[in-house]
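Let's take a walk through a protein model together. Keep the picture open and find each spot as we get to it.

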Amino acid sequence: MSDLSYESFKKEALKDPATKKEYEALAPIWDLRRKLIRLRTEKGITQDQIAKIMGTNKSSISRLECGEKVNFPTLATIAKYARALGYKVRIEFEAVS
């Protein structure tokens, strides 16, 4: 078995049109999760702390941030998370090229 890096594996996998289509469809949720984690860590807040602020539990925050399962959080949940960190949500649309 060859020793593939993540990037070389990804590059090879994305050659398949069906895989590439699915990857691109899921990209927005992964981008959102990275942003949520970045905002929280920049504020120096733990998952447990933001869970308490939001009135939920740490496991809910973990699922929201890590994507154990591919699920799409509601806008209300995202807005509540943002408010707990002192932000508001702004939605933008981009033309598909």
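Predicted model: local features only at pLDDT ≥ 70, side-chain atom pairs only at ≥ 80, totals over all residues.

E94 counts as exposed, at 74% relative accessibility, because exposed means over 50% relative accessible area, buried under 20% and partly exposed in between (1.4 Å probe, protein chains only). You'll find E94 in the segment after α5; helices (H or I, at least four residues) and strands (E, at least two) are DSSP runs, numbered from the N terminus.

Residues are numbered from 1 along each chain as its sequence is written, and side-chain values use heavy atoms, with hydrogens and water left out.

Now try E92, which also sits in the segment after α5. With a relative accessible area of 56%, E92 is exposed.

Next, step into helix α5, where you can look for R83. R83 counts as exposed, at 55% relative accessibility. The C-alpha atoms of R83 and M54 are separated by 8.8 Å, though these residues are 29 apart along the chain.

L75 has its place in helix α5 too. Is L75 buried, partly exposed or exposed? It's partly exposed, because its relative accessible area is 46%. Leaving aside neighbours within four places in sequence, L75 is in contact with V89 and I91, where contact means heavy atoms within 4.5 Å. Between the C-alpha atoms of L75 and I91 there are 10.0 Å, and 16 residues separate them along the chain.

For a contrast, head over to helix α2 and pick out R40. R40 is buried, because its relative accessible area is 9%. Which residues does R40 touch, leaving aside its neighbours within four places in sequence? The contacts are I45, T46, Q47, I50, E65, Y81 and L85.

So much for single residues; what about empty space? Rolling a probe the size of a water molecule over the atoms shows where empty space is left. On a 1 Å grid over the protein atoms alone, a cavity is a set of points where a 1.4 Å probe fits but cannot get out, while a pocket is an open set with protein on both sides within 12 Å along at least five of seven lines; lining residues have an atom within 4 Å of a point. The largest pocket holds about 1000 Å³ of space, a volume being the space filled by probe spheres set on grid points, which are joined across faces, edges and corners.

There are 22 residues lining the largest pocket, and P28, L32, K35, R90 and I91 lie nearest its centre. Helices α2 (17-42) and α5 (75-84) each supply at least two residues of that lining, and α2 gives the most, with ten.
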